[in-house]
Each structure stands twice: as structure tokens, then as C-alpha cells.
Amino acid sequence: MARLKQRRALDFWPGFVDALASLMMVLVFVILIFVIGQFVLSDAVSGRDRALARLNAELAALAQTLSLEQSARERADAQVGELSASLAATEREREALSTELFSARDELHAAQDEARAQREEAARLGADIAALERLKAELEAEVVRLASDLDTSERGLKEQTEMSAQAIAQVELLNRQLAAVRSQLEQLNTALAAAEAAARDKDLKIEELGRELNLALAARVQELARYRSEFFGRLQAVLGERKDIQIVGDRFVFSSEVLFPTASDEVSADGMVQLTRLAETLKTLAAEIPADLPWVLQVDGHTDRRPISTPRFPSNWELSTARALAIVKILRAQGIPPQRLAATGYGEFHPLDTRTSDEAYARNRRIELKLTSR
């Protein structure tokens, strides 16, 4: 009986051991589930971190794009301002030309140079506008790409059950920045349209200015031609009908023998009489020429082709130039303003007669007077 009681007391331990074993297995299973959960959670967090890093990279790229677009807009604003200032300057020049249209020819040439500069500037502006348009297209493509990337990022983030508040804030910031880029692109489009319209306006004004300048120059040339014809007519009447003094085209031609001894730049007595008459006729005509009509009496010296070589005149160039200068000095002494006189020596290089006869040599030895504009 005692042994039976002792055996029954010992039977509790196997059940207790089985319970402990079962508990240990449950604990191991729970720990395994915890480890698996930790691994899954770590992988989810790692994926979220990668998504956030990708968003940060996209935000940095967008910030750089925004910086480039801002620089482009500033350049466009500066170019539009320069164009406005240039157009205003062109308008002022046009008004000045309308009041001073009959000024000196060098002023007309300066205005034409200014018009050419304006055309070059308009061409440069056109190139800048084209560059801005290319930049605009690039920015628009970048916006489309960023919007697509943003949509992809948003879909990936929505698939995750847990998304941090920081990621949401970054997405919202990206949306706002994209909206700002689109707004700035619209402003850039408006500025480009204004710049193109201003460039077209400027081209039209430059073309109109060129036509006005050409008409004004033609009118001045015709007016000067009228006074030149009058001058030659009066000079012909004063000097009389002589075979050694002729009108050839727009020039009054003296034979060198009328004014100078052979191989000399000293004006002869008879030549002094002729130059005095010339000076009186020119002074009378100068009083009738409008003050704003630029004119110059150009004195050209020519020789024949036979060479000369003396200590004073090493070549025909020196002789022809010295003779032209001698006439200019005499006319100045007779009261012709020096700014209305010019002297040029051509030597033997512009003959009227290319033959080698004495008659041809005599024709080529000459002094030509030409009333021209400055």
C-alpha cells in the first residue's frame, strides 16, 4: 500500500516536465514570430528610407532646376529692359534726325552706323530669345518628368502601410515647388512673347529709319549737285572759253600748264589770276549754299606717266600732292574756310588717256576740282 502511494506521488513530475516543454516551445515560437516581425519591419523601414532618399535627390534636382529657371528669368528681364531702353534710344534718335535731317554727311553716316548696330543688336536679341525658348522647352520637359516621378513616388508611398509625416511634408513641398515652376514658366512665356513683339517693332523702326536716311541723303546729294552745276557754270563764265580748262562729269579740270611751270609746285602769275577768280566765284556761291549742307572743294593733282626724281619731288606722287596743297593754301589765303578744302595727290595712276603721245601726256597733267559732300 505504501509503495502504491509512493508511485502515485512520483507520477506528477512527467506531466510537469511535459508542461514545461510545451511552454518552452510556445516561448520559442513567440520569439521566432518576434524575430520575423522585426525583420519584416526593418525591411519596410529600409524601403521607406530609400524612398525618402530618392525624394530628397529629386527635391535637390528640382531646386537646381528652379535656380536655373530663376537665372534664365532674370536674364530675360534684363534683356527685355535693355531692349526697352534700346527702343527708347532709337525713338530719340529718330526724333533728333527729324529735326537735324539736313546736317553734315558724317552725321548721316553716324546714324547709319547706329542703325546697323541696332540691326546687330536685334539679331543678338533674336538669338537670345531662341536660347530662352530652348531653355523653356527643357524646363517644361523637366517638369513633366518630375511630375511623372512624383506620381510614381506617391503611388509607392501609398502602398506602404506606414509613411512618416516627414515624407508627407516633403511630397507636399515638392508639389508646391512644381506649381511654382509652372507659374514661372508662364511668366517666362509672357516675357518671351513681349520680347519678340518688341524685336519685330524695332526691326520695323530700323527699316523705316534706314529709308528716311537714304531719302534724306539722296535729297542732299541732289541739292549739292545743283550747286555744283551752278558753281561750274559761273566758273566757266569767269574763266572764259579755254581749251585747257574743261568740265568733265562732276569735275572742273585745269591743265597743269595753266597754273604751274613744268616740274614745279610754284603757282605761275597767270595761274594766280585764275585761282583768284576761282576763289571769288566760290565765295559768292558759298554764301548761297545752306549752312547745314556739308560741302568740300576737293583739289586733286595728277601727273603724266613719265617719272620724276628730284630732291624735292622723289616721285610723281610728291609732285601731284604738292601742287594740290599749293592750290588749297592759296584758296585759303583768299578767304575760303579751311574746313571746306581738301587736297589729294594721285600721281600718274589715274590717267585720262593711256596712250604714250605728247597729247596724252598733256591731258593727264591736270588739276581737278570737285565740289563734293563731306
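These exercises, with worked solutions, concern a predicted model.

**Exercise 1.** Work out in what order the strands of the open sheet lie, and which strands form its edges.

*Solution.* Begin with the order: the open sheet has five strands, arranged 1-2-5-3-4, and their pairing is mixed. Next, look for strands that pair on one side only; these are strand 1 (245–248) and strand 4 (341–345), the edge strands. From one strand to the next, the twist averages 20 degrees.

**Exercise 2.** Describe how strand 4 pairs with strand 3, and which helix packs on the sheet.

*Solution.* Strand 3 and strand 4 are joined by five bridges in the parallel sense. Take Asp 300 as an example: its bridge partner in strand 4 is Thr 344. Helix 7 packs on the sheet and touches strand 3, strand 4 and strand 5. The direction of helix 7 makes about 165 degrees with that of strand 4.

**Exercise 3.** Find which element gives the largest share of the largest nonpolar core.

*Solution.* The core has 27 residues, and among those touching the most other members are Phe 254, Ile 327 and Leu 331. Elements that each supply at least two residues include strand 2 (251–255), helix 6 (269–286) and helix 7 (316–333). Helix 7 provides six residues, the largest share.

**Exercise 4.** Decide whether Asn 316 is buried or exposed, and find what its side chain lies close to in polar terms.

*Solution.* Asn 316 is in helix 7. Its relative accessible area is 5%. Buried means under 20%, so Asn 316 is buried. A polar atom of its side chain lies 3.0 Å from the backbone oxygen of Arg 306. Asn 316 also touches other residues, including Thr 303, Pro 307 and Gly 347.

Key
Residues numbered from 1 in each chain as written. Predicted model: local features only at pLDDT ≥ 70, side-chain atom pairs only at ≥ 80, totals over all residues. Heavy atoms only, no water. Core = buried A, V, L, I, M, F, W, Y, C linked by side-chain atoms within 4.5 Å. Buried < 20%, exposed > 50% of the residue type's maximum accessible area, 1.4 Å probe, protein only. Helix = DSSP H or I, 4+ residues; strand = E, 2+ residues; numbered from the N terminus. Polar contact = N/O pair within 3.5 Å; in protein donor to acceptor, adjacent residues only side chain to side chain. Contact = heavy atoms within 4.5 Å. Pairing = 2+ DSSP bridges. Axes fitted to C-alpha atoms, helices over the stretch in contact; angles between N-to-C directions. Lists of a residue's contacts leave out its neighbours within four places in sequence.
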